[in-house]
Amino acid sequence: MNRPLFSYIFFLFVLFVALFISLALMYGFSLNRTVLFFVLMGCTFELIGISISKLSSGDVKLTGGMVINILAAASLEPSQALIVSSASVLIPRLILSQSKDPVKYIFNVSQIGITTLASSMIFKAMKTGDIMIDVWLVLVISVIYMVINTFFMTVALSLSTRNQFMKTVVRTMPTPFLSAMTVFPLAAVAFVLYNLMGGFAIPLVLAILLALQIGNLFRSEYERSKVENLMILVKSLELRDPYTRGHSERTSDLSRRIAKKMQLPESLTERIRIAALLHDAGKIGVADYILNKPDKLSLEEFERIKEHSVKSEELLNTVRRFRNKEAKWVRHHHEHWDGTGYPDGLKKEQIPLPSRIIAAADVYDALTSKRPYRSAYSRHEALQIIREMSATVLDPQIVKILIQITESEE
């Protein structure tokens with residue numbers, strides 16, 4: 001951990017302690033049954049994640065503790081809400097987390113506590129006492145809660161990666177922030193039910209959260225089974241064609257390294273890795289005699305081969321989270337920088353960046369692999385051919401990065 005990040009976390013902790021002591025001295029603090037009940041429910045909710053299928057690497061997970069924190073901010077005194085949120089995030093992690101890094105605990109407790117406290121004070125200053133009006137205020141403080149939480153997390157991430165703050169926001173925060181908006185209506189429902197039913201409402205909200213989680217679990221498993229089927233297709237394709245065995249894995253790994261070298265967001269890098277792994281799935285519909293032909297392909301046979309990128313897109317479109325992203329990337333991985341590629345003749349920046357990355361990795365691995373019609377090129381020979389393809393077939397900037405990666409390995 002670098003010094004700026006440590007200093008930032010230490011500052012948050014000092015602020016957290018100072019705020020709690022100030023509130024306790026000004027308004028007093030009572031650890032009553034209601035507070036303990038909220039802590040118990042907060043810990044329970046914290047253990048439940050709401051899955052939002054957004055990333056190829058898996059589901060975006062939002063802890064249900066956010067619901068209790070917002071409800072505590074709207075229903076308890078600010079100092080009590082601070083304790084509820086801090087204890088709810090700390091206790092489950094102490095019990096279940098394998099990582100015992102105290103600095104991480106201090107950061108999580110501090111930033112969640114301050115976020116909940118700020119939301120609570122804003123609600124107390126603006127509430128009207130009319131449930132039907134205040135429920136809209138709960139939605140407002142839910143957004144405020146997520147904005148403050150996102151700010152704290154982004155600063156920490158920016159300091160840890162030494163990237164500019166705004167660049168970190170653009171690259172990493174939109175998906176978690178937008179996904180968190182699915183929790184806001186549940187927090188509003190919890191507020192209304194709590195004011196009508198008291199503590200009995202929280203188990204009911206827990207049941208709603210569990211129902212959402214079970215539904216998301218089945219949906220995720222269904223999507224995962226489709227992805228696994230596509231992986232099996234790729235494996236079966238490589239079993240049919242011994243010359244391309246391992247090609248998809250190697251292309252996928254090189255694509256990942258190129259994306260990482262370009263400092264693309266981790267989530268996007270993972271999506272590119274998955275797309276590269278599946279980029280040739282459409283070849284499953286190409287006859288073996290064409291795939292394994294030792295001679296030059298006829299014009300008709302080449303047209304059959306060219307169909308595989310579109311077929312790959314069709315296969316990836318069967319998975320909901322691949323639509324309009326990975327599916328389009330594999331469609332365009334044979335487009336050329338100068339516009340002479342297929343299937344749509346895109347050129348330069350018209351070609352999606354992930355497609356350009358996959359194309360470079362695909363060409364390099366194809367050159368360095370044995371084929372029915374030729375022996376494998378050496379690394380030096382392959383790089384020379386890659387250089388000749390720069391600014392015609394391949395993106396010149398990606399070519400430079402690919403060469404840097406391969407030469408550093410050498």
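**Salt bridges and a helix pair**

Author: The side chains of E326 and R271 form a salt bridge at 2.9 Å, N to O, where a salt bridge is a side-chain nitrogen of Lys or Arg within 4 Å of a carboxyl oxygen of Asp or Glu. This is a predicted model, in which local features need pLDDT of at least 70 and side-chain atom pairs count only at pLDDT 80 or more, while totals for chains, interfaces and linings use all residues. Residues are numbered from 1 along each chain as its sequence is written, and side-chain values use heavy atoms, with hydrogens and water left out.

Reader: How many salt bridges does a search of the whole structure find?

Author: The search finds twelve salt bridges. One of them joins the side chains of D253 and R256 at 2.8 Å, N to O, and these two residues are three apart in helix 11 (residues 247–261), which means that about one helical turn separates them. D253 is partly exposed at 31% relative accessibility, and R256 is partly exposed at 27%.

Reader: Which residues are linked in a network with D253?

Author: D253, R256 and R257 are linked in a network of salt bridges.

Reader: Changing topic, how do the axes of helix 1 and helix 4 cross?

Author: The axes of helix 1 (residues 3–27) and helix 4 (residues 78–96) come within 9 Å and cross at roughly 140°; axes are lines fitted to C-alpha atoms, for helices over the stretch in contact, and angles run from 0 to 180 degrees between N-to-C directions. Helix 1 and helix 4 are therefore oblique to each other, since angles under 35 degrees count as roughly parallel, over 145 as roughly antiparallel, 65 to 115 as roughly perpendicular and the rest as oblique.

Reader: Which residues make the contact?

Author: F16, F20 and L23 of helix 1 meet P78, S79, L82, I83 and S86 of helix 4, with contact meaning heavy atoms within 4.5 Å.

Conventions:
Helices (H or I, at least four residues) and strands (E, at least two) are DSSP runs, numbered from the N terminus. Buried means under 20% relative accessible area, exposed over 50%, partly exposed in between (1.4 Å probe, protein chains only).
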